[in-house]
Amino acid sequence: MPATVIVGLQWGDEGKGKTTDFLAEQTAMVVRYQGGDNAGHTVVRGDEVFKLRLTPSGVLYPHITSVIGNGVVVNPVTLISELDMLMERGIDVGRVRVSRSSHVIMPYHVALDRANEERLGGAAVGTTGRGIGPTYGDRAWRLGLRMEDLLDAAVLRERIERVLPDKNLLLRSMDAETFTVEELVAQAARWGERLRDHLDDTTWLVQAALARGQHVLLEGAQGTLLDLDHGSYPFVTSSNPVAGGACTGGGIGPLQVDEVIGVMKAYSTRVGAGPYPTELTEEIGAGIAQRGHEYGTVTGRPRRVGWFDAVPLRYAVAVNSVSSIMLNKLDILSGVDPLRVCVAYEIDGRRVETWPSSGAALARARPVFEDFAGWMEPINDVRSLADLPENARRYVTAIEQHAGVPIVLVSVGPERTQTIERAWRPMRQRSGIPT
Ligand code: IMP
């Protein structure tokens, strides 16, 4: 049985939560493999809306074990409040497992993230202010606290005593709040007490599920274009949302991945600073933003909106070895005419069809558009590709041709049922588009 990776092909917020939710019935385990509470998954079920930041969206299903993998950075305050919220709403959280090896976002990480952004002023990355960068930084510098450390007061004290003087020094230099060893040790020990029963060696949990022949979904946060290695550095997050991150952060080997489902929207959005060649600053963008509710789940910030960009799409398909695609929010484009798709860039007078590795080059890129006639009618009730307006079909087909892999699911509304299923489970189908 397969391990399936769900990965964002754009700048995050592609609707991965809906994809996971859609596949949930066949799934025994959902694993988050990177990021932290900078992410936000919105899952709509009937009248109920669940906003989840850390817990994989599979938690809403009683048959699914939800795993927070070793590659995730965990803010225990967020996790505890999320578990409390779910319990209050009648969801059993006993199956939420958190890797003992995942790193803890400490209050000084959050303070450092925010103070540093302020210091950067106009050069700020526009982070979510959740301490993501400083926590991954400490992890790489071997100064981090892992979730299992929360269970041992002596280890906690030793680690915090070692790092805090430097953190406070830096915080003081930026006129930010400082912390005491005593308050942090006491706080962290309380988190450990509360989360003790959820901590686990999640790599073995995942491996055991696969060995039993169960279907495991590995769920990425953010998206390929925010990847620390593959995005437009430094305007990226501090982890690897790409499918490869599922191996390091989820505890599986590359050959255990059977399918990679790329998720993207029918247009693009980006939160935070950084180059964005197809950005729409006109009214059309505001209209799409409003209809698509393009506001950050975590920060509430309005997202930047742009035309669909096929240049990074081709890159994302390659670097993630995407086998099939879910295209979301096609319905939001009803009434937009014409529709534009960026098919290449012009950089310093040259036509470029490949995603540039240099953020500076990307900042100079001018989009080369291909225009498509739009459609006027709402499509929320359409359930088959054949029933879509012809112009919508043309638009989907054009995007699919650029991707070079099949679009198997098309979402036409927030509800789980508002989904067009095209070719179901095209396992291992790496190229060629079904007719
Ligand atoms: P950080 O992950 O908070 O350090 O932020 C780094 C960059 O990633 C900023 O541009 C954020 O806006 C962006 N980012 C982080 N998480 C998300 C997300 O879930 N959706 C969209 N953008 C995100």
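Reader: In which loop is proline 338 found?

Author: This is a predicted model, and in it proline 338 is found in the loop that runs between strand E15 (324-328) and strand E16 (339-347). The peptide bond that leads from aspartate 337 into proline 338 is cis, with omega near 0 degrees. A cis peptide bond also joins tyrosine 233 to proline 234, where omega is near 5 degrees, and proline 234 sits in the loop between strand E10 (216-219) and helix H8 (244-250).

The protein chain is divided into domain 1, made of 3-91 together with 201-421, and domain 2, which covers 103-197. The C-alpha centres of domain 1 and domain 2 lie 29 Å apart, and 30 residues of domain 1 are in contact with 21 residues of domain 2. Between domain 1 and domain 2 an area of about 1,900 Å² is buried, with carbon and sulfur atoms giving 61% of it. Val73, Pro76 and Ile80 supply 26% of the area that domain 1 buries against domain 2, which is more than any other three residues supply.

The polar side of this interface can be described as well. One salt bridge is counted between domain 1 and domain 2; arginine 194 forms a salt bridge with aspartate 84, and their closest N and O atoms are 2.7 Å apart. Across the interface of domain 1 and domain 2, eight residue pairs are found in polar contact. On the side of domain 1 that touches domain 2, the elements that give two or more residues are strand E6 (73-74) and helix H2 (76-88), and H2 gives the most, with seven residues. The residues on that side of domain 1 divide into 14 nonpolar, 12 polar and four charged.

The ligand is the remaining topic. There are 16 residues around the ligand, of which Asp13, Asn38, Thr128, Thr237 and Val271 come nearest. Threonine 237 has a polar side-chain atom 2.6 Å from an oxygen atom of the ligand, while glutamine 222 has a polar side-chain atom 3.2 Å from a nitrogen atom of the ligand. With glycine 126 the backbone is involved, as one of its N or O atoms lies 3.3 Å from an oxygen atom of the ligand. Aspartate 13, one of the residues that come nearest to the ligand, lies in the loop between strand E1 (3-8) and helix H1 (16-23), and its phi is near 60 degrees, a positive value in a residue other than glycine.

Methods: Residues numbered from 1 in each chain as written. Predicted model: local features only at pLDDT ≥ 70, side-chain atom pairs only at ≥ 80, totals over all residues. Heavy atoms only, no water. Domains from an automatic or database assignment. Contact = heavy atoms within 4.5 Å. Buried area = accessible area lost by both parts, 1.4 Å probe. Salt bridge = Lys/Arg side-chain N within 4 Å of Asp/Glu carboxyl O. Polar contact = N/O pair within 3.5 Å; in protein donor to acceptor, adjacent residues only side chain to side chain. Helix = DSSP H or I, 4+ residues; strand = E, 2+ residues; numbered from the N terminus. Nonpolar A, V, L, I, M, F, W, Y, C, P; charged D, E, K, R; others polar. Near = heavy atom within 4 Å.
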